[in-house]
There are 2 protein chains.
Amino acid sequence: MRFLFPVLLLAGSNALAADDNIQGFDAAASADQRAIESQLDARINAGEMDEWLRVMSASPHHVGSPASKANAEYIAELLESWGYDTEIAAYEILLPTPKVREIELVAPSSFSASLTEDTLAEDASTARREGLLPPYNAFSRDGEVEAELVFVNYGIPEDYEVLERYGIDVTGKIAIAKYGRSWRGIKPKLAGEKGAIGTIIYSDPADDGYGAGDVYPKGPFKHESGVQRGSVMDMPTYPGDVLTPGRGATERARRLDREDAPTITEIPVLPISYRDAMPLLAAMGGEVVPREWQGGLPITYHLGPGPARVRMKAEFDWGMVTAYNVIARLDGSRYPDEWVIRGNHHDGWNHGAADPLSGQVALLAEAKAVAELAKAGQRPLRTVIYGAWDAEEPGLIGSTEWAEHHADELREHAVAYLNTDGSSRGFLSLGGSHVLERYLNQIAEEVNDPRSDISLKQRARANRLVNGDPKVQAEAKQRADLRINPLGSGSDYTPFLQHLGIASVNLAFGGEASDGSYHTLYDTYEHFTKFRDPGLLYGATLAKVAGRATLRLANAPRLPFEFTGLADNISLYVEELEELADAMRESTETTRLMLEDGTYAAAMNPYKSLGVPIAKAPVPHFSFAPLKNALDRLEAAAAEFDTSAAASGATSEEINQLLYTSERLLTRDEGLDGRPWYKHHIYAPGFYTGYGVKTIPGVREAIEQREYDKVAPQIEIAANVLDDMAERIELLSRTITGEM
Amino acid sequence: MRFLFPVLLLAGSNALAADDNIQGFDAAASADQRAIESQLDARINAGEMDEWLRVMSASPHHVGSPASKANAEYIAELLESWGYDTEIAAYEILLPTPKVREIELVAPSSFSASLTEDTLAEDASTARREGLLPPYNAFSRDGEVEAELVFVNYGIPEDYEVLERYGIDVTGKIAIAKYGRSWRGIKPKLAGEKGAIGTIIYSDPADDGYGAGDVYPKGPFKHESGVQRGSVMDMPTYPGDVLTPGRGATERARRLDREDAPTITEIPVLPISYRDAMPLLAAMGGEVVPREWQGGLPITYHLGPGPARVRMKAEFDWGMVTAYNVIARLDGSRYPDEWVIRGNHHDGWNHGAADPLSGQVALLAEAKAVAELAKAGQRPLRTVIYGAWDAEEPGLIGSTEWAEHHADELREHAVAYLNTDGSSRGFLSLGGSHVLERYLNQIAEEVNDPRSDISLKQRARANRLVNGDPKVQAEAKQRADLRINPLGSGSDYTPFLQHLGIASVNLAFGGEASDGSYHTLYDTYEHFTKFRDPGLLYGATLAKVAGRATLRLANAPRLPFEFTGLADNISLYVEELEELADAMRESTETTRLMLEDGTYAAAMNPYKSLGVPIAKAPVPHFSFAPLKNALDRLEAAAAEFDTSAAASGATSEEINQLLYTSERLLTRDEGLDGRPWYKHHIYAPGFYTGYGVKTIPGVREAIEQREYDKVAPQIEIAANVLDDMAERIELLSRTITGEM
């Protein structure tokens with residue numbers, strides 16, 4: 001692993017990148033900006049945020065509900081009142097809501113799952129159920145099936161390899177899977193691919209219940225009746241309205257027939273609580289599960305199939321609803337055509353206090369402060385657009401439709417997209433495009449943790465040093481910047497980053513409070529303020545962090561993009577790809593040899609049905625040379641740009657435009673193999689992980705999925721993408737130093 | 001890591017060690033010996049073993065019970081009838097048996113633990129309870145205490161470090177600990193050292209219950225009422241009768257006052273089932289346990305202290321009982337003064353089908369076959385002594401008293417001690433003195449797995465290759481001999497190996513059947529033959545393996561000791577010691593730095609009580625040079641011996657005596673620091689692990705326990721021990737090649 005330290009110390013005194021200057025600002029501008037940021041901080045009011053949170057989380061407010069519309073209007077009124085040019089951008093989208101949900105054990109005993117969540121005396125919100133959507137998985141198809149259960153653990157690819165070794169086939173069966181280890185939509189997708197006719201997903205108490213900590217209302221973890229709702233739309237194919245891929249779901253948009261929509265599941269799926277799962281799992285027989293599959297219920301888990309036989313029925317109202325995005329705009333005083341976009345969704349599955357309102361109120365606090373600063377004469381130089389998205393929960397729909405609808409303008413004008421979503425407390429989690437790594441680190445250096453007098457960066461680094469795995473620890477010791485996470489999916493940055501190639505950021509606090517209320521009836525104001533972020537201390541800090549992120553992009557004379565962080569991260573990915581191929585080649589070969597010489601068979605327990613693994617085709621050697629050559633060029637260009645950028649204070653609209661459109665060069669119009677909506681060739685959600693990121697996804701997934709023929713062409717594409725980026729950076733250096 | 005391959009391929013055609021010859025036998029003798037072994041195999045009768053098992057496991061047969069005496073007599077009669085010169089060697093030993101056992105939750109709710117195990121309709125043995133000892137821990141002291149509970153996880157040293165970080169002190173409290181991760185006696189020992197006034201030990205269902213697999217009678221795992229009995233005598237200080245350390249507990253032996261016996265616990269301790277543990281743990285409060293401490297009960301575990309308050313009372317009858325060892329002797333036809341000792345205990349905590357009778361019936365089958373062979377003209381050349389030990393369960397008492405009683409003779413005459421104990425099915429587990437590594441490997445090469453047509457060695461190697469950790473896998477690929485396990489404690493080899501310096505072996509099958517019946521009412525004939533070793537297939541194979549082990553030692557013209565295996569293993573231990581010191585030094589220093597610069601504090605969750613770790617004194621550098629110099633000499637001497645031994649067929653009583661007494665040179669009369677009974681300086685049970693081995697224990701424990709001043713002197717002693725061994729090997733080479 002190579003560490004490419006920023007060469008900032010070489011910078012001249014008048015340079016924009018001098019050590020104590022804000023990235024993209026010279027000394028004087030840095031001082032002005034820091035003064036603005038002090039005023040920003042002073043205007044962030046946790047009490048006000050708490051009030052907004054209380055109001056908006058009073059009722060369930062999923063897209064299409066009256067409360068969601070009311071919240072959109074509430075947000076719009078606030079933004080309007082602060083001086084934003086505000087509109088509600090509405091889209092007509094398909095949203096299935098449940099009509100019939102039934103899960104019934106029909107043999108060897110009988111039991112009907114309640115599929116409801118308990119009202120708790122300790123939490124008044126749980127009694128306010130007007131408009132409540134019961135537990136369901138949006139974009140499950142309709143269906144009624146009856147079959148034996150097979151326990152598929154987390155329902156991810158390696159679990160099916162294990163089942164195969166046990167001689168268990170899910171064809172014609174109902175798969176029962178634990179939540180976790182993948183985005184939920186992967187579970188019915190894979191189960192369907194394997195031949196299952198239905199999927200039940202439950203939260204195991206070992207992962208998310210009493211096995212993890214005290215359950216609600218005593219503690220924050222999942223109540224025994226709690227059910228994680230959530231979309232199972234095939235978002236790794238494309239997110240957004242299922243009927244209008246690639247275009248805005250305006251009233252008159254061309255729409256697919258629902259039958260042709262490829263992102264609705266192949267088989268019906270329903271989520272249940274662990275209380276409802278218990279009788280189903282207890283009735284199962286067959287071989288005992290592998291030790292690491294056992295969950296936290298007080299029974300021995302079995303693989304099946306059967307004798308537990310289940311009838312499940314899921315029927316939905318496939319109606320159209322209106323998604324209300326609130327779009328608030330403050331035109332830039334100097335560069336109105338350069339847009340900094342800052343978003344957070346507002347729809348929740350239920351009361352949605354944590355998800356998404358904890359982030360939404362941070363956005364509002366920021367927006368209010370920015371507006372006040374503008375009124376006080378500190379109007380941002382660039383245009384700032386706040387987006388409060390609707391319909392994120394069913395599939396990033398509000399943001400996606402808006403981004404698709406305005407794709408051309410956004411590609412032209414968008415400097416960056418800054419996202420938040422549900423947030424809690426603990427350590428600042430930094431995700432985003434690596435051209436913004438240094439910029440984000442600098443912000444984290446300048447905001448303090450609300451519970452201690454150290455910076456967020458110090459605290460996040462301490463966490464990595466103390467709690468990280470050895471690789472993370474070693475890196476945290478040496479690397480000046482905290483490595484920021486590449487973005488997969490799971491929130492509204494996806495259409496901006498991966499569809500449009502707009503450099504994006506995702507910010508949140510986490511790591512010190514539990515997620516047990518996620519998508520359940522218990523994600524309430526009461527739960528959030530008691531267990532997640534009492535006093536909204538971290539929420540207010542998030543507003544300060546995101547406010548800086550917005551204002552630095554809005555005010556920077558030269559945009560704070562830089563490329564050594566990008567090059568370093570890409571060099572890591574290239575190393576990972578080589579290691580991945582080597583490790584797969586070695587383990588494939590070792591397994592093959594041990595199968596051939598009988599070693600594997602000799603190690604099997606003759607009293608159990610677990611068989612030897614299936615031999616896989618040998619993994620060939622791949623030429624990574626094109627990628628490495630392109631990476632060399634990228635690294636050289638990035639280093640040269642650092643030097644040029646440090647030496648020269650030159651800035652211009654041309655330079656800024658070359659900077660902020662650089663991320664577009666990492667995309668290709670034709671998109672990824674098999675999923676053209678995803679156009680970014682460095683960051684994508686995994687086709688079989690869902691939210692989890694795959695970096696250099698074309699190459700990585702070809703290797704992982706053992707599609708060896710595809711590896712070389714994908715390496716070629718990735719190398720071209722890097723070459724284009726290097727060329728842009730070279731052009732930038734020449735432009736900045738006036739060597740054109 | 002250096003691999004020292006045996007240089008057997010250099011051997012001349014007339015050498016004893018030629019590749020196809022049995023170690024210590026020339027070609028002709030090998031052929032004769034293999035013919036004997038074929039006859040041995042033919043005489044092993046699993047049906048007969050099954051019958052002995054059924055008879056002896058009919059009733060509970062702990063030491064002091066009528067059934068134990070009856071079993072001793074039954075064994076003696078069998079051995080006598082086969083032609084052995086048989087005696088019952090009786091010792092008078094202290095054995096506490098329970099009078100009062102009470103555990104009662106007194107606050108915040110009330111509950112009385114049943115402390116009894118259920119009778120099961122499916123297992124008739126569980127209804128036969130005449131003479132049954134109820135669940136208890138032998139050598140707990142008497143006491144009645146009442147205090148709040150503290151949950152101490154497994155109650156091992158690192159658990160107390162975690163508790164300290166939570167600010168929790170067990171002083172004046174009752175510690176409740178899970179079984180596992182250490183020998184049980186460590187739990188009250190440590191709890192007492194830390195100030196607790198009582199200890200409760202329970203089997204957590206995640207480790208040993210429904211979380212591990214189907215429970216009895218559906219499956220083999222621990223029934224909800226099952227309680228693991230067992231001794232908590234401080235065996236790492238000395239095993240055997242607590243009143244007669246170092247001497248045989250004959251009727252007239254000098255005895256300590258009970259009050260002065262150092263191996264009785266400082267605080268009362270009682271074991272319970274997970275059914276009884278549930279209400280106690282559910283009543284606890286305080287901070288939630290660290291995630292990895294959570295067990296398998298359907299509650300969130302808490303650290304306490306309290307509010308659960310427990311009264312526990314343990315009162316014992318501290319009576320003397322008679323332990324009946326059966327000693328059967330067949331004098332050798334040529335070397336009657338060289339003794340091969342083969343043992344297995346006969347006492348069980350209850351019906352004891354698996355533990356110990358599964359091993360005992362293998363010993364009997366072997367003994368019967370050996371006697372028949374003798375009658376048929378194949379009397380062993382050396383004396384063979386079979387020992388069926390009593391009172392192993394309360395603390396290796398029968399074997400220890402016999403070994404102490406006959407210490408001088410044994411030091412003079414004992415060639416080796418071969419042990420078995422409870423055995424089940426799966427892979428052959430080879431443990432013992434490394435001078436016998438090659439000999440054991442050769443046996444494992446020549447006996448086939450009963451369920452497949454491959455050798456036990458191939459199967460054991462396959463297991464390491466498929467299921468081992470990467471280090472084990474890598475070694476299993478390259479090393480000709482399977483590395484045998486160094487012996488800690490937990491069975492009757494301890495007095496022979498670690499007190500007397502007699503090269504020892506421990507053999508068992510395992511890895512493919514569960515241990516859930518261990519020391520419970522459910523260790524019955526029914527359980528064993530249904531779940532552990534149906535048809536006694538592996539039991540019969542164990543008789544073949546151990547029979548070969550006995551007869552090869554008994555008949556070898558030159559004893560099959562060799563030293564390259566020893567040297568290789570010791571080189572591994574020396575490496576481990578250096579790595580241990582380096583790793584401790586580095587982590588101590590890293591922690592210290594992170595404490596000093598505030599990194600640790602910054603990573604702590606301000607909403608939780610977990611604090612930073614306590615800084616420890618820096619770990620100095622130690623000079624391992626004396627040990628490495630001695631190791632070099634040992635390696636050279638071992639290699640030279642291999643060459644000499646291969647080149648020359650010379651053998652004599654003198655050579656054999658030099659060979660079999662070589663293990664004595666690894667001992668020192670003064671024993672280990674603080675526990676003089678343990679005289680072996682290469683193998684010992686860990687002072688804070690109990691059964692788990694510590695190799696080169698003087699050095700290793702000084703480092704682990706951070707007693708840095710002791711490291712250099714202990715290195716000196718270990719180096720001297722290796723030097724003495726090297727000198728002996730050099731003498732052997734000279735003797736064999738006639739260069740004296």
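Let us start with strand β6 (residues 198-202) of chain A, which is mostly covered: five of its five residues are buried. A residue is called buried if 20 or more other C-beta atoms, placed from the backbone, lie within 10 Å of its own. Strands are DSSP runs of E with at least two residues, helices are runs of H or I with at least four, and both are numbered from the N terminus. The model is predicted, so local features need pLDDT of at least 70 and side-chain atom pairs count only at pLDDT 80 or more, while totals for chains, interfaces and linings use all residues. Residues are numbered from 1 along each chain as its sequence is written, and chains are lettered from A in the order in which they are written.

In a regular strand the side chains alternate between the two faces of the sheet. You can follow this along β6(A): A:G198, A:I200 and A:Y202 point one way, and A:T199 and A:I201 the other way.

Now look at the neighbours of β6(A). Two strands pair if DSSP finds at least two bridges between them. Strand β5 (residues 174-178) of chain A pairs with β6(A) in the parallel sense over five bridges, and here A:I176 stands opposite A:I200. Strand β8 (residues 269-272) of chain A is also a parallel partner of β6(A), over four bridges, with A:P271 opposite A:I201.

Next, let us step back to the domains. Chain A is divided into domain 1 (33-93 + 323-454 + 491-555), domain 2 (95-320) and domain 3 (564-736), with bounds from an automatic or database domain assignment. The C-alpha centres of domains 1 and 2 of chain A lie 30 Å apart. Their contact takes 41 residues from domain 1 and 39 residues from domain 2, where contact means that C-beta atoms, placed from the backbone, lie within 7 Å. On the domain 1 side, α9(A) gives the most, with six residues.

Finally, how do the two chains meet? The contact takes 29 residues from chain B and 29 residues from chain A. On the chain B side, the largest share, seven residues, comes from α12(B). Chain B can be laid on chain A with an RMSD of 0.0 Å by a turn of 180° and a shift of 0.0 Å along the axis, using least squares on the C-alpha atoms of residues with pLDDT of at least 70 in both. The two copies are therefore related as by a two-fold rotation axis. Because 100% of the interface residues of chain B are also interface residues in chain A, the copies meet through the same surface.

Conventions
Contact = placed C-beta atoms within 7 Å. Buried ≥ 20, exposed ≤ 12 C-beta atoms within 10 Å, placed from the backbone.
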